[in-house]
Amino acid sequence: MLPCSWGLWRSAIHTLKTFSRASPSARGLCIPTRAVCDAETIFALSSGHGRCGVAVVRVSGPASSMVLRNMAGLTQALPPPRTALLRRITDPQSKELLDRGLVLWFKGPHSFTGEDSAEFHIHGGPAVITAVLQALGSLEGVRPAEAGEFTRRAFHAGKLGLTEVEGLGDLIHAETEAQRRQALRQMDGELGRLYQDWSYRLKRCLAHVEAFIDFSEDELIEDGVLNQVDSSVRQLETEIERHLKDERRGERLRTGVQVVIAGATNAGKSSLLNTLCQRPAAIVSPIAGTTRDIVETSLDIGGFPVLLSDTAGLRDSSDSVEREGVRRARQRVEQADLTLVVVDSTQLPPDPQLVAAFLQEHLSTVLPSPEAGMTAASDRVLLVLNKSDLVPEEQRERTEGELRERPGLPPACFLSCSTSTGLEDFLTVLQSRVKTLCGDPLSGAPSLTQARHRAHLQQSVQALNQYHQYRDQDLALAAEGVRLALTHLGRITGRVGAEEILDIIFRDFCIGK
Amino acid sequence: MLAQKLHLLRHNVLSFVSSRTGSDLTRRQYDVIVVGGGHAGTEAAAAAARLGAETLLITQKIMTIGALSCNPSLGGVGKGQLVREVDALDGLCGRAGDSAGVHFSILNRSKGPAVWGPRAQLDRERYRQFIQSELLSTPRLTVLEGSVDELLVSQPNPEEPGHHRVTGIRLVDGSHPILSSSVVLTTGTFLSGSLFMGQTTSPGGRMGDAQSCAGLSYTLKETLGLRVGRLRTGTPPRIVKESVDLSLAQLQAPDKQPTPFSFLNTHTRCKPEEQLPCYLTHTTPGVERVVRESVHLNCHIQQDAKGPRYCPSIESRVLRFPGRRHQVWLEPEGLTSDLLYPQGLSMTMPPELQLRLLREIPALHRAEIRTPGYGVQYDFVCPTQLTPSLQVKSTQGLFLAGQINGTTGYEEAAAQGLWAGVNAGRTALSLPPMALSRTQSYIGVLIDDLVGRGVTEPYRMFTSRAEFRTYLRPDNADLRLTPRGFEEVGCVTLRRYKKAVSVRDGLQEALMALQSVALSSTRWREKLGNISLSENKSTTLNGLDLLQYKDVSFEMLASAFPECLSQYFEYSQRLKIEAVYRPHCEKQSREMERIRSEESLSLPSDMDYLSLPVSLSQEVREILDRVRPNTLGAATRLPGMTPAGIIHLLNYVLRTGQRNRHTEHRNRSSQKEGEKGQLCASNIPISQ
């Protein structure tokens with residue numbers, strides 16, 4: 001599950017009177033009395049993904065005016081609020097021209113979030129979007145927004161009424177779902193393993209520093225422990241820095257809506273892939289279990305980029321190669337934006353009244369468990385009843401009538417891949433689904449997540465510097481550096497709690513006093 | 001008559017003071033009753049009385065009030081921070097430590113002031129005497145010897161959450177009930193406790209004391225339906241000092257100048273030159289052999305109750321990390337005691353084998369045992385059933401503190417005791433309960449960890465548990481806690497408050513004075529001699545910036561600007577620490593504010609999550625229903641909780657809260673109370 005990291009509730013909430021509310025006088029010595037409105041500045045791609053002419057990147061927070069000045073070359077005054085201005089948009093560091101586009105300035109509180117905000121309307125190509133997002137991420141005090149953060153800030157600023165808040169939960173849920181799938185996609189593979197490995201090593205470093213702080217006075221924990229940490233931290237720094245400098249940025253990230261074809265063996269999944277891409281991309285044979293690995297192909301459906309994957313038929317197999325294929329198939333379904341579940345219509349019960357229950361049961365074997373957020377009723381599943389030409393016409397019509405608007409079941413389309421009957425209707429349904437998915441700003445926009453990763457990695461390296469800086473002067477502050485680095489890395493790989501660190505301490509050291 | 005059955009301490013000690021002398025003997029109604037006279041109980045009773053509540057402390061044996069049942073020491077890394085905080089809230093243990101200490105040292109001296117660990121070896125006798133005389137001179141506090149048989153429980157106050165309300169206690173001797181508005185239970189290891197030595201097992205919580213608490217266990221488990229778990233701990237044999245060859249051990253000297261625990265003390269009772277040393281020695285392969293040979297004779301070690309990973313018996317250390325040398329500290333038990341305490345040798349094997357084991361260590365080759373070591377297994381109440389004020393969620397007025405909540409250690413017990421006493425007192429005086437934030441104190445971290453996450457092994461404080469360690473320092477505990485302890489909580493006496501305020505103002509002035517002296521870095525180099533400054537020559541630095549540098553001390557600055565700085569000499573160490581940590585604490589302030597605001601939104605404990613009319617998934621409902629988080633902050637930390645769920649929850653509480661605020665306002669304005677418009681969400685009954 002995702003860690004819930006939340007912004008400030010304070011303005012919206014009547015506060016419980018706790019002892020914890022520091023009085024200004026008591027805090028004066030250490031914690032600045034300055035109000036906490038100096039929130040960080042966030043940015044995100046706000047327009048939908050897909051083939052669009054114009055993309056909108058939104059910036060919100062106190063540094064918004066700085067961002068405008070730096071990236072739109074506005075050395076003098078800012079433009080009047082809410083007025084579009086055509087500017088050259090450049091990289092703040094290299095001054096390289098990124099795009100020519102419209103910029104807008106919104107002075108708080110007259111903005112969506114209630115904070116100072118800016119918008120960049122740029123050309124919609126992925127290269128331009130990525131370049132602008134990366135340029136924004138390189139500015140100090142500016143970071144990519146977390147899921148639903150713009151909306152949340154608007155909520156805290158009192159910009160949303162309570163009725164709108166009802167919808168907010170669902171909105172955040174939707175965004176989070178999209179992010180979860182995306183994170184899964186990226187964590188799968190080399191990059192994921194790399195981050196996990198860093199996180200593990202950093203955890204050990206922290207555990208060893210903490211052990212030295214909390215126990216070395218009473219226990220046999222030699223100074224050598226710290227020397228090991230020194231070299232581990234240095235090694236990590238080097239690796240992360242090298243990774244950040246690498247222009248290829250690891251593996252190529254896929255773009256587009258991920259559509260996955262899944263189902264039992266011999267239902268006609270590969271035939272569907274071939275039908276959709278209008279070429280024999282996958283081998284088709286009457287032998288069950290022909291497809292063993294994932295077959296991918298890029299498609300354009302209604303103007304939107306789609307990555308279509310054909311997967312191995314799901315069945316228990318004694319063949320280890322096929323078993324691996326089934327594992328990959330299930331994993332791919334879990335990461336999918338849209339799953340096409342293909343069913344052999346000749347296998348349907350002849351009594352149309354029993355079909356709904358049959359399909360329900362069938363879906364539960366194909367789709368991941370409901371905790372993963374995907375249910376049969378979800379709008380992320382389509383049922384394809386293939387081989388319709390082999391079913392008597394009358395039975396098909398009665399079944400169709402039975403399945404129409406059936407709550408708890410996704411839309412079902414009868415289709416014959418061999419005769420192409422029903423293909424038009426199916427394409428219409430598929431196209432509208434893909435379109436909806438592309439309206440989801442986060443699906444298939446890896447550059448945004450990528451920019452987020454970059455920002456967290458950079459902050460992680462900075463924090464590790466603090467370790468070296470204070471290593472000999474103040475170990476508490478040095479440890480703080482490692483903790484902070486782990487927190488930033490944890491934004492990518494998952495939060496690390498104090499208990500986890502203690503577990504490592506007690507595993508690696510015998511603490512006896 | 002009740003009075004004849006009670007053995008009041010008044011018979012033994014002349015200095016007994018009470019606001020209602022005479023009538024106390026027959027008194028049967030108190031504001032607060034504290035059960036137990038250990039570290040938690042004494043702090044709880046003293047805190048409740050300081051708050052203004054008529055308080056009764058009931059203990060099995062008056063003479064064991066303030067006894068150190070295990071190690072003769074106080075403080076350490078993490079634990080020392082707790083002692084400083086208890087002292088800042090006017091608790092007893094800091095001053096008792098200063099009075100009883102015979103060997104003072106600051107641990108972690110080389111690792112940065114945030115993790116310094118003030119620690120002292122104690123004279124057991126002096127510690128007990130101090131605590132006892134302190135309790136006896138506390139107004140509104142009565143001490144009674146007796147065993148509690150049962151808790152008296154009645155219908156709850158319908159205005160507040162809970163299924164029961166505590167109304168007092170009944171003693172074992174069957175006398176009249178003693179009534180009270182709140183009860184604090186600090187029964188330590190006495191809840192279904194059993195003692196283990198070798199193959200023998202006997203009921204009890206501490207060797208030499210009565211067993212008791214069976215009735216209390218019954219009330220807690222059966223009547224109140226509280227979930228309990230089982231934990232174990234142990235204590236080492238006590239060794240006759242004369243029989244130890246100390247020349248074969250390494251001498252560990254105390255600090256030359258003892259640093260007192262208490263903010264009120266400038267020096268300790270023990271003079272620097274009177275301090276006693278500790279000795280360090282190590283286990284040998286022979287020790288491991290004895291352990292292995294005796295496993296089959298050792299019930300405690302074979303049984304599967306959760307023992308701690310950090311204070312394990314020598315048996316489990318040897319079995320878990322074989323082939324290693326383990327440290328053994330030989331600690332003095334007091335100025336006049338003829339015993340040594342072998343820290344690190346807690347064991348539960350049969351006594352004759354204990355002797356064999358000891359004698360495998362060179363310095364102990366002819367050691368004699370005065371009392372053998374033994375193990376204890378005991379019940380604890382799963383602390384997730386408590387609120388952050390340490391009240392049992394289901395039972396109004398019932399508070400728990402100390403080992404009964406699954407913690408280990410004197411300092412952890414004292415900290416909880418103080419806070420439970422504060423809230424028991426506040427409840428009795430009809431004041432709203434209070435919570436301590438984990439951003440402000442180790443006590444807050446301790447309680448939040450306990451009630452938010454529960455325990456699986458005895459909980460001990462480590463500095464690594466505190467997210468804001470660089471702010472929660474031993475040096476500034478008074479500034480963090482004392483002013484508010486007086487102004488808001490009411491557990492701090494005027495004398496201490498005035499002292500803390502004057503320190504705060506003095507430091508503030510000194511910081512301003514430091515900031516007022518600004519020079520270019522070139523000029524600073526001229527003034528202070530050859531110091532290395534990383535800034536370029538023309539950068540202007542003020543005194544506070546400069547003090548951040550490792551090689552710069554306040555004394556150096558004061559000698560450069562004597563006219564404006566020399567008057568602050570007494571604060572030189574604190575100013576140096578403040579200068580180094582200040583920038584880091586400022587960076588953390590946003591995160592602190594976030595946690596604090598989440599902590600401040602409390603979720604009613606009687607919320608019916610399963611039928612709440614908001615959009616929550618069944619899975620999330622079940623998680624919430626099972627854990628019943630106290631605050632929104634705790635809810636966000638639950639594994640499995642979704643961001644959307646939090647938003648819905650927030651929205652729901654917000655709406656119902658506002659509705660209730662309107663009614664609250666009406667009630668308030670009629671009472672003409674100016675309460676800043678803030679209200680305690682935990683007091684709001686949520687109407688469906």
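1. A salt bridge is a side-chain nitrogen of Lys or Arg within 4 Å of a carboxyl oxygen of Asp or Glu. With that in mind, note that in chain B the residues R438(B), D448(B), D449(B), R453(B) and E467(B) are linked in a network of such bridges. The model is a predicted one, and a search of the whole structure finds 48 salt bridges over all chains.

2. In chain A, D230(A) and R471(A) form a salt bridge whose closest N and O atoms are 2.8 Å apart. Because D230(A) belongs to helix α7 (residues 224–245) and R471(A) to the loop between α13 (446–470) and α14 (475–493), the pair ties together parts of chain A that are 241 residues apart in sequence. D230(A) is buried, with a relative accessible area of 15%, and R471(A) also counts as buried, at 17% relative accessibility.

3. In chain B, the side chains of D87(B) and R496(B) meet in a salt bridge, at 2.9 Å from N to O. This pair links distant parts of the chain, since D87(B) sits in helix α3 (residues 79–88) and R496(B) in helix α14 (residues 494–516), 409 residues apart. D87(B) counts as buried at 0% relative accessibility, and R496(B) counts as buried at 3%.

4. Another salt bridge of chain B joins the side chains of D475(B) and R473(B), at 2.7 Å from N to O, and both of these residues are buried.

5. Helix α4 of chain B (residues 93–100) has 8 of its 8 residues buried, so it is largely enclosed by the rest of the structure. Among the buried residues of α4(B) are C93(B), R95(B) and D98(B).

How values were computed
Residues are numbered from 1 along each chain as its sequence is written. Chains are lettered from A and ligands numbered from 1 in the order in which they are written. This is a predicted model: local features need pLDDT of at least 70, side-chain atom pairs count only at pLDDT 80 or more; totals for chains, interfaces and linings use all residues. Side-chain values use heavy atoms; hydrogens and water are left out. Buried means under 20% relative accessible area, exposed over 50%, partly exposed in between (1.4 Å probe, protein chains only). Helices (H or I, at least four residues) and strands (E, at least two) are DSSP runs, numbered from the N terminus.
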